[in-house]
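Visitor: Please take me through this one label at a time. I want the rule behind each word.

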Amino acid sequence: MNPTRPWLLIGAFAAALLPVAAAADSSTTLLNVSYDPTREFYSAYNDLFAKHWKAKTGQTVTIQQSHGGSGAQARAVIEGLDADVVTLALAYDIDAIAKAKLLPADWQTQLPDASSPYTSTIVFLVRAGNPKKLHDWNDLIAPGVNVITPNPKTSGGARWNFLAAYNFGLHANHNDDAKARAYVAALYKNVSVLDSGARGATTTFTERGIGDVLLAWENEAILSVREHPGAYQIVVPRTSILAEPPVAVVAANAAKHGTQALAEAYLKGLYEPDAQKLACFYGYRPRLVSVLRGCGTHFAIADLVTIARFGGWQTAQKRFFGEGGVFDQIYEAH
Amino acid sequence: MFRSRDAIPGRGIALGSTIAIVTLVVFIPLAAVVLAMQGISAETLARALFTQRALAAFRLTLLASLAAATIDLALGSYLAWVLVRYRFAGRRVLDALIDVPLAIPTAVTGISLATLYGANGWIGGFLEAHGVHVAYTPLGIGLALTFVGLPFVVRSVEPVLAELPRELDEAAATLGADRATILRRITLPLILPAMLTGFALSLGRALGEYGSVVFISGNMPGRTEIAPLAIVTHLEEYDYQGAAAIATALLVISFVLLAAINGLQRRLSVAKAAV
């Protein structure tokens with residue numbers, strides 16, 4: 001072997017590593033680790049924020065995004081993915097990052113509205129004309145109705161679906177837990193496919209044409225209707241759950257990168273009117289009432305409860321989705 | 001310069017580097033999986049491995065993988081035989097196509113199979129009309145596993161078949177053996193070790209397969225949930241120990257099966273040498 005070869009290789013390696021090292025030192029790069037359905041919203045918001053930041057500080061900021069399942073993303077951050085901010089589906093996932101001491105345990109008090117700048121809810125997506133006449137939760141347990149929802153064991157979105165259904169069960173039966181459980185058991189009897197993620201369930205319903213109704217995030221449902229005009233319609237049930245996707249600065253990483261101020265400004269900016277308008281455009285419910293009002297007619301206001309109804313995510317996760325929890329029980333009873 | 005007395009120089013370096021590579025690339029990651037179980041309580045272990053649901057997942061994974069590897073064994077050996085024995089237009093293309101399942105992302109496999117075999121798919125629509133449900137049943141899982149495992153058998157058997165001297169067949173024929181006898185008494189025994197290798201590889205692949213299966217299985221608890229999905233389920237709950245316990249169990253199952261197949265192979269080649 002040519003003796004100069006190894007040095008060439010090492011040199012090439014070092015050269016390849018240099019820009020990485022330089023980028024890590026610069027305080028004008030920000031990594032936002034998020035979950036799947038926010039891809040479009042955040043690419044629009046990143047441009048908006050970069051413009052603001054340039055006008056304010058003269059600094060050019062590059063924002064990198066990473067998307068995946070909410071739980072998988074949280075685990076990646078715990079294992080060392082260098083996120084400056086996380087914008088995930090569930091407070092439960094950010095709690096797990098807090099447990100790993102990467103951000104303070106009281107992270108949810110650091111920004112307004114329990115640190116969730118936009119919200120969403122669970123609605124029904126049905127085929128055009130609503131052929132099975134599905135108007136509320138009770139219609140979903142009729143025989144012959146095929147319901148599509150992902151597996152709550154693997155999908156954060158599916159947990160919201162489950163809790164929205166359970167909430168209806170409580171609502172309709174004067175808070176009788178046994179009856180609420182019977183309702184969700186009947187509902188899941190009508191489910192023939194439990195996809196592993198929310199996007200997978202949407203594909204099963206829209207592309208594969210399976211099912212009469214998809215339990216979906218409102219923002220996903222709005223995008224589906226927009227993408228396939230005339231094929232689907234949204235049904236807003238009488239009661240549902242208010243999903244509050246939270247955001248937080250990963251304090252330990254931001255301190256390491258010297259990006260605290262930038263990261264905070266990035267998240268605070270989400271509450272500004274122009275960002276809230278963007279959220280509205282991508283199907284989320286803005287927090288700012290003035291924006292929500294002007295947001296168009298697609299936000300029918302259902303009777304919404306929050307996760308606090310179930311004692312917060314830590315409690316709800318254990319009781320409903322943990323090993324041997326309510327979800328497991330309704331399948332063991334089958 | 002050469003202190004070694006071996007006929008082939010460089011034995012020390014070769015051995016050292018081999019151990020280093022196997023340790024870094026294979027052993028350490030596997031050991032990390034086992035170590036992740038550290039401090040697991042008996043209760044967590046029992047919940048991860050021995051609930052009805054966990055057992056159902058293991059049974060399904062094992063049975064579907066064995067079935068798929070067996071089908072691959074038959075189909076793959078046949079394909080290899082045709083590809084080696086006959087020359088025809090498009091043979092090269094066909095030969096290249098066989099490797100495609102190894103190259104495409106498994107999620108693509110799962111989604112396209114679910115689309116094809118779903119109730120509204122080209123093939124699924126036809127089958128459903130005849131009362132056969134493929135997508136979202138164990139049959140669909142077997143189908144996905146067969147797809148991803150096929151290349152292993154073909155690629156193991158093909159080169160061995162190609163190397164078989166034709167003289168053997170010709171000699172047998174002059175002694176009055178018909179084609180079936182030649183296949184049974186000459187060809188099959190010679191390629192059996194390679195067939196077993198292919199079987200073992202496709203079985204190993206099937207036991208751990210996740211990406212393609214989750215899209216076609218429907219993931220119904222107790223019915224179409226595979227063991228690798230249970231790993232992801234535990235990870236979603238940040239239950240690293242439970243996930244590691246299932247992974248270790250799968251590792252042990254694969255290891256035992258592969259060791260058994262290896263042993264069988266050794267006995268076969270000993271028997272062959274004795275002939």
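Visitor: What should I know about the numbering and the model?

Guide: Residues count from 1 along each chain as its sequence is written, while chains are lettered from A and ligands numbered from 1 in the order in which they are written. This is a predicted model: local features need pLDDT of at least 70 and side-chain atom pairs count only at pLDDT 80 or more, but totals for chains, interfaces and linings use all residues.

Visitor: What makes something a strand or a helix?

Guide: Both are DSSP runs, numbered from the N terminus. A helix is H or I with at least four residues; a strand is E with at least two.

Visitor: Why are S2 (62-66) and S9 (247-249) of chain A said to stand at the edges?

Guide: Look at the order of this open sheet: S2-S1-S3-S9 in chain A. Its four strands have mixed pairing. S2(A) and S9(A) each have a single partner strand, so one side of each has no neighbour in the sheet. From one strand to the next, the twist averages 20°.

Visitor: What does helix H2 (residues 39-57) of chain A touch on the sheet?

Guide: H2(A) packs against strand S1 (29-34) and S2 of chain A. Contact means C-beta atoms, placed from the backbone, within 7 Å. The direction of H2(A) makes about 165° with that of S2(A). Such angles run from 0 to 180 degrees between N-to-C directions, with axes fitted to C-alpha atoms, for helices over the stretch in contact.

Visitor: Why is A:Ser115 called buried?

Guide: A residue is buried with 20 or more other C-beta atoms within 10 Å of its own, exposed with 12 or fewer, and partly exposed in between. A:Ser115 has 21 such neighbours, so it counts as buried. A:Ser115 lies in helix H5 (residues 112-115) of chain A. Its phi is positive, about 60°, although it is not a glycine.

Visitor: Is A:Asn130 buried, partly exposed or exposed, and how do you know?

Guide: A:Asn130 has 16 other C-beta atoms within 10 Å, so it is partly exposed. A:Asn130 sits in the loop between strand S4 (118-127) and strand S5 (147-148) of chain A. Its phi is positive too, near 45°.

Visitor: What makes a nonpolar core?

Guide: It is a set of buried Ala, Val, Leu, Ile, Met, Phe, Trp, Tyr and Cys residues joined through C-beta atoms within 7 Å. The largest core here has 100 residues. A:Leu125, A:Ala165, A:Val213, B:Ala144 and B:Ile246 touch the most other members. Beyond four places in sequence, the contacts of A:Val213 include A:Phe124, A:Leu134 and A:Ile148. A second, separate core has 43 residues, among them A:Val33 and A:Trp53.

Visitor: Which residues of helix H8 (residues 198-206) of chain A are buried, and what covers them?

Guide: The buried ones are A:Ala198, A:Gly200, A:Ala201, A:Thr202, A:Thr204 and A:Phe205. Their cover includes helix H6 (156-172) of chain A and helix H11 (213-217) of chain B.

Visitor: What are the elements of chain B?

Guide: Chain B has 13 helices and zero strands. Of its 275 residues, 33% count as buried. Its assignment gives domain 1 (1-35) and domain 2 (43-274), with centres 31 Å apart over C-alpha atoms.

Visitor: How many residues does each chain give to the contact between A and B?

Guide: Chain A gives 20 residues and chain B gives 22. On the side of chain A, H15(A) gives the most, with three. By class, that side has five nonpolar, eight polar and seven charged residues. Asp, Glu, Lys and Arg count as charged; Ala, Val, Leu, Ile, Met, Phe, Trp, Tyr, Cys and Pro as nonpolar; the others, Gly among them, as polar.

How values were computed
Two residues are in contact if their C-beta atoms, placed from the backbone, lie within 7 Å. Domain bounds come from an automatic or database domain assignment. Two strands pair if DSSP finds at least two bridges between them.
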